[in-house]
Amino acid sequence: MLFPINCYLWENDDDIIVIDMGVKSFVSEIKKIAERLNKPISSLLLTHAHADHVNGVPLFHKIFPNVPIGISDRDFQLLNGDFSLLSNEAKSKIKGGFSKDSIHIDFTLKKMNTIIFILLNLPDIHRGQYLFLKKNQKF
């Protein structure tokens, strides 16, 4: 299922995974969809730390306090205001708008034990950004 900006729902047999939480107005719709499908939200996975991908997280966490929220290690640093460059990054300013709100994160994707997606790191697009592909997914 797809929202018009930076929020996607992946429906599995037993649950729903949310990918990105662009704006807080999506939270009520996600709740309605989960109730209609009678499936729990199992996790919120964030592709990267730009505000247009995380601005809805504070309300999402308030409505779904037990749903774990994850992001890449690198973007976790950015969400916490650490904009220092890593040794393997291009020596240029980090671009993009970042949320001024505190963004709750439960885990980083690198530290997650199991995931049903293939993670592709896309450092040339956004530092630390992940693309989530379902195993055996066809384009």
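Mentor: Let's start with the order of the elements: from the N terminus on, the protein chain runs β-β-α-β-α-α-β-α-β-β-β. Helices (H or I, at least four residues) and strands (E, at least two) are DSSP runs, numbered from the N terminus. This is a predicted model, where local features need pLDDT of at least 70 and side-chain atom pairs count only at pLDDT 80 or more, while totals for chains, interfaces and linings use all residues. Residues are numbered from 1 along each chain as its sequence is written, and side-chain values use heavy atoms, leaving out hydrogens and water.

Trainee: How many helices and strands does the protein chain come to?

Mentor: Four helices and seven strands.

Trainee: And what share of the residues counts as buried?

Mentor: Of the 139 residues in the protein chain, 43% are buried. Buried means under 20% relative accessible area, exposed over 50%, and partly exposed in between, using a 1.4 Å probe and protein chains only.

Trainee: Switching topic: how many salt bridges are there?

Mentor: The count is three. A salt bridge here is a side-chain nitrogen of Lys or Arg within 4 Å of a carboxyl oxygen of Asp or Glu. Side chains of opposite charge can pair when their charged atoms come close.

Trainee: Which residue pairs with Glu 11?

Mentor: Lys 39, with the closest N and O atoms 2.7 Å apart. Glu 11 lies in strand E1 (residues 8–11) and Lys 39 in the loop between H1 and E3, so the pair ties together parts 28 residues apart in sequence. Glu 11 is partly exposed at 38% relative accessible area, whereas Lys 39 is buried at 17%.

Trainee: Which residue does Lys 32 bridge to?

Mentor: Glu 29, with the closest N and O atoms 3.3 Å apart.

Trainee: Last one: is Asp 20 buried or exposed?

Mentor: Asp 20 is buried, at 1% relative accessible area. This residue is in the loop between strand E2 (16–19) and helix H1 (25–37).
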